[in-house]
Amino acid sequence: MPENEVNVRYMVDDVDAAIDFYTAHFGFTVRSSAEPAFADVIRGNLRLLLSGPTSSAGRPMPDGRQPVPGGWNRIELVVEDIRAEVERLRAAGLKFRNDIVTGPGGSQILLEDPSGNVVELFQPAGS
């Protein structure tokens, strides 16, 4: 693993759809693929592990709970112009959970990948 690499695992319903989503819309590149079970994509120091239902990460827990996509944990991608990014992504048909919210630290908006995992776009204040 390269120094300073950050790994985040997302459970996904469809590994191929997740690869397409992250590479087409956010500039990730495929590092490896063992479809349909698993793939990992890279953007800068972020390695996003995309684990499908048949991956080892998708196996049930001892109490029977099944790992599933979605929830509120998320990766944050910093953007220079949030309004332009939102316009670009809406034109591409991406699904947002909310509208742009602005606070003292900057502006943010949440969108979902094809499995319902959250991606936050964030523009720092003053940029």
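Which residues is S115 in contact with, leaving aside its neighbours within four places in sequence? The legends below, which describe a predicted model, begin with this residue.

**View 1. S115 in the loop between strand 8 and strand 9.** Leaving aside neighbours within four places in sequence, S115 is in contact with M11, V12, D13, D14, P69 and G70. The side chain of S115 reaches the backbone nitrogen of D13 at a distance of 2.6 Å. S115 has a relative accessible area of 12% and therefore counts as buried, the cut-off being under 20%. In the hairpin of strand 8 and strand 9, which has five residues between the strands, G116 takes a positive phi near 95°.

**View 2. Strand 8 and its pairing with strand 6, strand 7 and strand 9.** Strand 8, residues 106–112, is mostly covered, with six of its seven residues buried. Strand 9, residues 118–124, runs antiparallel to strand 8 and is joined to it by seven bridges, and in this pairing E112 stands opposite V118 in strand 9. Strand 7, residues 101–103, is likewise antiparallel to strand 8, with three bridges joining them; here V101 stands opposite Q108 in strand 8, and a hairpin leads from strand 7 to strand 8 through two residues. Strand 6, residues 95–96, pairs with strand 8 in the antiparallel sense over two bridges, and F96 is found opposite L111 in strand 8.

**View 3. The open sheet of four strands, in the order 1-4-3-2.** The pairing within this sheet is mixed, and its edge strands are strand 1 (6–11) and strand 2 (29–34), each of which pairs on one side only. Neighbouring strands of the sheet are turned against each other by 20° on average, direction ignored. Strand 1 and strand 4, the latter comprising residues 46–51, pair in the parallel sense over six bridges, and M11 stands opposite S51 in strand 4. Helix 1 packs on the sheet, where it touches strand 1, strand 2, strand 3 (38–43) and strand 4, and the direction of helix 1 makes about 10° with that of strand 3.

**View 4. Helix 1, residues 15–26, with the residues at its start and just after it.** Helix 1 has 12 residues and reaches 16 Å from its first C-alpha to its last, close to the 16 Å expected at 1.5 Å a residue. The buried residues in helix 1 include V15, A18, I19 and F21, and Y22, H25 and F26 are also buried. At the start of the helix, a side-chain oxygen of D14 reaches to within 3.0 Å of the backbone nitrogen of D16. Just after helix 1, G27 takes a positive phi of about 75°.

**View 5. E80 in the loop between strand 5 and helix 2.** The loop that holds E80 lies between strand 5, residues 74–78, and helix 2, residues 82–91. E80 counts as exposed because its relative accessibility is 74%, where the cut-off is over 50%. Leaving aside neighbours within four places in sequence, E80 is in contact with Q123 and S127. The C-alpha atoms of E80 and S127 are separated by 6.6 Å, although these residues are 47 residues apart along the chain.

Key
Residues are numbered from 1 along each chain as its sequence is written. This is a predicted model: local features need pLDDT of at least 70, side-chain atom pairs count only at pLDDT 80 or more; totals for chains, interfaces and linings use all residues. Side-chain values use heavy atoms; hydrogens and water are left out. Buried means under 20% relative accessible area, exposed over 50%, partly exposed in between (1.4 Å probe, protein chains only). Contact means heavy atoms within 4.5 Å. Two strands pair if DSSP finds at least two bridges between them. The expected span of a helix is 1.5 Å times one less than its number of residues. A polar contact is a pair of N or O atoms within 3.5 Å; within protein, one must be able to donate a hydrogen and the other to accept it, and residues adjacent in sequence count only if both atoms are side-chain atoms. Axes are lines fitted to C-alpha atoms, for helices over the stretch in contact, and angles run from 0 to 180 degrees between N-to-C directions.
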